[in-house]
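Here are my notes on the model you sent over. Have it open while you read, and go through the points in order.

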Amino acid sequence: MAQRVHRPREDAEFSFILGMSGVPVLAYFTGAWPKAIEPCRMMDLVMGDIADDYVGRLTVVRTDITRCPAATERYGVTGAPSCLLLKEGESVVHGTGPMTIEEVRMFVDGHL
């Protein structure tokens with residue numbers, strides 16, 4: 001199976017993915033603390049479908065807050081799950097909390 005959602009292991013890999021993407025990046029930040037686990041798992045399912053639906057128009061990146069602390073700080077992420085739409089490395093829109101697939105589509109469609 002092709003890698004639908006990128007999962008950087010560190011900040012350098014996150015930056016590499018941003019730099020190599022020729023399309024906007026939908027980065028969703030996840031956490032492993034108890035209150036974040038279930039909402040983040042829900043987002044994993046949603047983002048997998050988004051990655052399939054937006055092939056060639058959007059790069060989806062699952063970003064673990066503890067593995068990518070510099071990216072977390074740079075984009076002002078304070079909770080998980082959080083979503084950011086990035087164009088050329090700059091945040092265009094930012095949302096916090098779990099979202100349905102319809103909400104994610106509305107989140108990105110106006111900015112693609």
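1. E3 covers residues 59-64 and is mostly covered, with 6 of its 6 residues buried.

2. A word on what you're looking at: this is a predicted model, where local features need pLDDT of at least 70, side-chain atom pairs count only at pLDDT 80 or more, and totals for chains, interfaces and linings use all residues. Residues are numbered from 1 along each chain as its sequence is written, and side-chain values use heavy atoms, with hydrogens and water left out. Helices (H or I, at least four residues) and strands (E, at least two) are DSSP runs, numbered from the N terminus.

3. Which strands does E3 pair with? Strand E1 (residues 5-6) runs parallel to E3 and is joined to it by 2 bridges; two strands pair if DSSP finds at least two bridges between them. The bridge partner of His6 in E3 is Val61. Strand E2 (residues 25-30) also pairs with E3 in the parallel sense, over 6 bridges, and Phe29 stands opposite Thr63.

4. Zooming out, the 5 strands make an open sheet in the order E1-E3-E2-E4-E5, with mixed pairing. E1 and strand E5 (90-96) stand at the edges with a single partner strand each, so one side of each has no neighbour in the sheet.

5. Two helices pack on that sheet. H2 touches E1, E2, E3 and strand E4 (82-87), and its direction makes about 165° with that of E2. Contact here means heavy atoms within 4.5 Å. H4 touches E2, E4 and E5, and its direction makes about 30° with that of E4.

6. How do helices H2 and H4 pack? H2 (residues 34-53) and H4 (residues 101-109) pack at an angle of about 50°, with their axes 10 Å apart. That makes H2 oblique to H4 (under 35 degrees counts as roughly parallel, over 145 as roughly antiparallel, 65 to 115 as roughly perpendicular, and the rest as oblique). Axes are lines fitted to C-alpha atoms, for helices over the stretch in contact, and angles run from 0 to 180 degrees between N-to-C directions.

7. As for who meets whom, Met43, Val46, Met47, Asp49, Ile50 and Asp53 in H2 meet Ile101, Val104 and Arg105 in H4.

8. Have a look at Thr72 in helix H3 (residues 69-74). Thr72 is buried, at 8% relative accessible area. Leaving aside neighbours within four places in sequence, Thr72 is in contact with Phe29, Ile65 and Val77.

9. Two backbone spots to check. A cis peptide bond joins Ala80 and Pro81, with omega about 0°; Pro81 is in the loop between H3 and E4. Glu88, in the loop between E4 and E5, has a positive phi of about 50° although it is not a glycine. Is Glu88 buried or exposed? Glu88 counts as exposed, at 84% relative accessibility.

Terms used. Buried < 20%, exposed > 50% of the residue type's maximum accessible area, 1.4 Å probe, protein only.
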